[in-house]
Amino acid sequence: MENFQRFEAKARLLKALSHPVRLCITRGLLENGACNVTKIHCGLNMPQSTISQHLLKLKEAGIIHGERKGVEIFYSISSDEMRELIRALKLD
């Protein structure tokens with residue numbers, strides 16, 4: 001049963017990544033480092049509200065985290081494990 005729970009956790013991560021916009025966001029964060037919503041919004045040319053929704057899903061899954069700097073939040077990949085996972089997807 002313990003292995004099954006580990007598989008469930010990994011499946012949740014993959015599910016969170018299983019959207020083209022979220023893959024673009026994570027690849028961009030991996031390549032460019034921390035970014036705020038405005039920079040991500042400009043790079044993807046999508047409504048800011050759409051970007052915010054995708055960031056929330058990634059954050060809830062533990063793939064990214066946000067760090068407040070003044071009035072802005074800068075998002076980045078949360079851990080080396082998440083960086084390895086995103087690199088393994090070969091999103092080049």
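**Close-up 1. Cys-42 is an exposed cysteine in this predicted model.** The relative accessibility of Cys-42 is 56%, so this residue counts as exposed. Cys-42 takes part in no disulfide. The cysteine sulfur nearest to that of Cys-42 belongs to Cys-35, at 11 Å.

**Close-up 2. Cys-24 is a partly exposed cysteine.** Cys-24 has a relative accessibility of 36% and therefore counts as partly exposed. For Cys-24, the closest cysteine sulfur is that of Cys-35. The two sulfurs are 13 Å apart, which is too far for a bond, because a disulfide requires a pair of cysteine sulfur atoms within 2.5 Å. By this rule, the count of disulfides in the model is zero.

**Close-up 3. Helices α3 and α4 cross at roughly 115 degrees.** Helix α3 covers residues 37–44, and helix α4 covers residues 48–60. Their axes come within 9 Å of each other. The crossing of α3 past α4 is right-handed.

**Close-up 4. Residues of α3 meet residues of α4.** On the α3 side, the contact is made by Val-37, Thr-38, Ile-40, His-41 and Leu-44. On the α4 side, the residues are Gln-48, Ile-51, Ser-52 and Leu-55. Sorted by type, the residues of this contact comprise five nonpolar and four polar ones.

Note on methods
Residues numbered from 1 in each chain as written. Predicted model: local features only at pLDDT ≥ 70, side-chain atom pairs only at ≥ 80, totals over all residues. Heavy atoms only, no water. Axes fitted to C-alpha atoms, helices over the stretch in contact; angles between N-to-C directions. Helix = DSSP H or I, 4+ residues; strand = E, 2+ residues; numbered from the N terminus. Left-handed = near helix turned anticlockwise from the far one by under 90°. Contact = heavy atoms within 4.5 Å. Nonpolar A, V, L, I, M, F, W, Y, C, P; charged D, E, K, R; others polar. Buried < 20%, exposed > 50% of the residue type's maximum accessible area, 1.4 Å probe, protein only.
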